[in-house]
Amino acid sequence: LRIARLLVYLRFARTRSAARAMIEGRSLRLNRKHVRRVSETVAIGDVLTFTIGNEVRVVEVTSLPDRRGSPVLAQSFYRELSRD
């Protein structure tokens, strides 16, 4: 699954354009490496580190969604590792 689409499905970004801006602003890491392309793929077990506002979030992808769902459903696809 492409990372830009995953960010939308997990409700960390409202649109793919917003996800693209997050990636181009270099505020997203995948397994400790900066994400450079919106087409980069994500797999189960990958760790995402990103900032939303002044908050740093680290989450592990536990399963891959096939569409955008409710916020409660979106939270079932990842596990929060730390939240500052």
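Rings of Phe, Tyr and Trp (its six-membered ring) count as a pair if their centres lie within 6.5 Å, with planes under 30 degrees apart called stacked, those over 60 edge-to-face and the rest tilted. In this structure, ring pairs of that kind link Phe12, Phe50 and Tyr78 into a cluster. The model is a predicted one, in which local features need pLDDT of at least 70 and side-chain atom pairs count only at pLDDT 80 or more, whereas totals for chains, interfaces and linings use all residues. Residues are numbered from 1 along each chain as its sequence is written, and side-chain values use heavy atoms, with hydrogens and water left out.

**Aromatic cluster**

- The whole structure holds two aromatic pairs, and in one of them Phe12 and Phe50 are tilted, at 4.7 Å centre to centre with 55 degrees between the planes.
- Phe12 lies in the loop between H1 and H2 and Phe50 in strand E3, so this pair ties together parts that are 38 residues apart in sequence; helices (H or I, at least four residues) and strands (E, at least two) are DSSP runs, numbered from the N terminus.
- Phe12 counts as buried because its relative accessibility is 9%, and Phe50 is buried with a relative accessible area of 1%, where buried means under 20% relative accessible area, exposed over 50% and partly exposed in between (1.4 Å probe, protein chains only).
- Phe12 also forms a tilted aromatic pair with Tyr78, at 5.0 Å centre to centre and 50 degrees between the planes.
- Not counting residues up to four places away in sequence, Phe12 touches Leu7, Met22, Phe50, Ile52, Arg57, Val59 and Tyr78, contact meaning heavy atoms within 4.5 Å.

- In soluble globular proteins, nonpolar side chains tend to be buried together.
- Ile3, which lies in helix H1, counts as buried because its relative accessibility is 0%.
- Leaving out residues up to four places away in sequence, Ile3 touches Ile23, Leu28, Leu30, Val35, Arg37, Val38, Glu40, Val42 and Leu48.

**Strand pairing**

- Strands E1 and E3 pair in the antiparallel sense over three bridges, where two strands pair if DSSP finds at least two bridges between them, and Arg29 stands opposite Thr49 in E3.
- Strands E3 and E4 run antiparallel and are joined by six bridges; they form a hairpin with two residues between them, and Gly53 in the turn has a positive phi of about 65 degrees.
- Thr51 stands opposite Val56 in E4, and Val56 is partly exposed, with a relative accessible area of 30%.

**Salt bridges**

- A search of the whole structure finds three salt bridges, each being a side-chain nitrogen of Lys or Arg within 4 Å of a carboxyl oxygen of Asp or Glu.
- Arg20 and Glu24 meet through their side chains in a salt bridge (3.7 Å, N to O), and both lie in helix H2, four residues apart, about one turn of the helix.
- Arg20 counts as partly exposed at 41% relative accessibility, whereas Glu24 counts as exposed at 56%.
- Glu80 forms a salt bridge with Arg57, the closest N and O atoms being 2.8 Å apart; Glu80 lies in strand E5 (residues 78-83) and Arg57 in strand E4, so the pair ties together parts that are 23 residues apart in sequence.
- Within that pair, Arg57 is buried, with a relative accessible area of 10%, and Glu80 is partly exposed, with a value of 30%.
- The side chains of Arg79 and Glu60 meet in a salt bridge (2.2 Å, N to O), a pair that links distant parts of the chain, with Arg79 in strand E5 and Glu60 in strand E4, 19 residues apart.
- Arg79 counts as partly exposed at 44% relative accessibility.
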